[in-house]
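Colleague: Before I use these labels, I would like to know what each one rests on.

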Amino acid sequence: MFARTERLLLRPGWIEDAPALARAIGEEAVVRNLATAPWPYGESDARDFLSQAVDPMQPRFLIFARTGGAPRLVGGCGISDDPDGRPEMGYWIARPYWGLGFATEAGRQLVRIARAMNLPRLSAGHFLDNPASGAVLRKLGFRPTGKVAPRYSLARGGEAACALFEEGDADADRTATPMRDRIGVDEDFREQLRLMAA
């Protein structure tokens with residue numbers, strides 16, 4: 001599944017993305033806010049992640065900034081099970097792209113994809129020492145549950161306090177913008193895919 005927003009392309013990661021993924025995510029300030037990414041994070045970690053099987057009901061995407069040239073890898077997002085087995089949204093943005101609204105833009109599209117897939121309402125969370133992620137969740141319409149739970153972070157090597165959120169009322173525009181129908185029709189898009197795979 002592919003999707004696009006005004007500035008971003010969301011697509012599955014390919015093994016050829018390993019060098020770019022390692023560069024984008026490979027800062028402690030990014031990785032320590034994630035649950036399952038190790039620190040330090042190298043190209044072999046990226047290859048391991050990209051070679052994992054993906055459950056179709058738990059889509060995950062790399063986030064690319066659409067540019068006049070080849071798109072730039074700026075982050076990742078996806079849906080996985082939270083500790084209680086409910087679908088949970090997660091995301092990260094490479095440090096050079098913090099503060100540009102990419103997390104909100106990608107997160108909004110991920111919520112639309114979840115609605116198009118008829119998934120139950122999403123949960124989400126952020127480590128307490130990462131309040132910027134809480135601000136993104138609020139912009140996406142998530143509500144704090146008032147609960148704080150310990151969550152394990154591989155990069156931190158232990159548990160950290162995590163504020164829990166639940167999906168609130170959806171956007172008025174629940175439409176996902178899948179790219180599936182454009183493949184094979186739009187030559188420019190096919191060329192972008194070839195460039196990303198290179």
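Predicted model: local features only at pLDDT ≥ 70, side-chain atom pairs only at ≥ 80, totals over all residues.

Modeller: Residues are numbered from 1 along each chain as its sequence is written, and side-chain values use heavy atoms, with hydrogens and water left out.

Colleague: Why is the aromatic pair of Y97 and F102 called tilted?

Modeller: Rings of Phe, Tyr and Trp (its six-membered ring) pair if their centres lie within 6.5 Å; planes under 30 degrees apart are stacked, over 60 edge-to-face, and the rest tilted. The centres of Y97 and F102 are 6.2 Å apart and the planes make 35°, so the pair is tilted. The search of the whole structure finds two aromatic pairs.

Colleague: What makes R11 count as sitting over the ring of W14?

Modeller: The rule asks for NZ of Lys or CZ of Arg within 6 Å of the ring centre and within 35 degrees of the ring normal. The charged end of R11 is 3.7 Å from the centre of the W14 ring. R156 sits over the ring of F127 in this sense, at 4.4 Å.

Colleague: Why is strand β3 described as largely enclosed?

Modeller: Five of the six residues of β3 (residues 60–65) are buried, so the rest of the structure largely encloses this strand. Buried means under 20% relative accessible area, exposed over 50%, and partly exposed in between (1.4 Å probe, protein chains only).

Conventions: Helix = DSSP H or I, 4+ residues; strand = E, 2+ residues; numbered from the N terminus.
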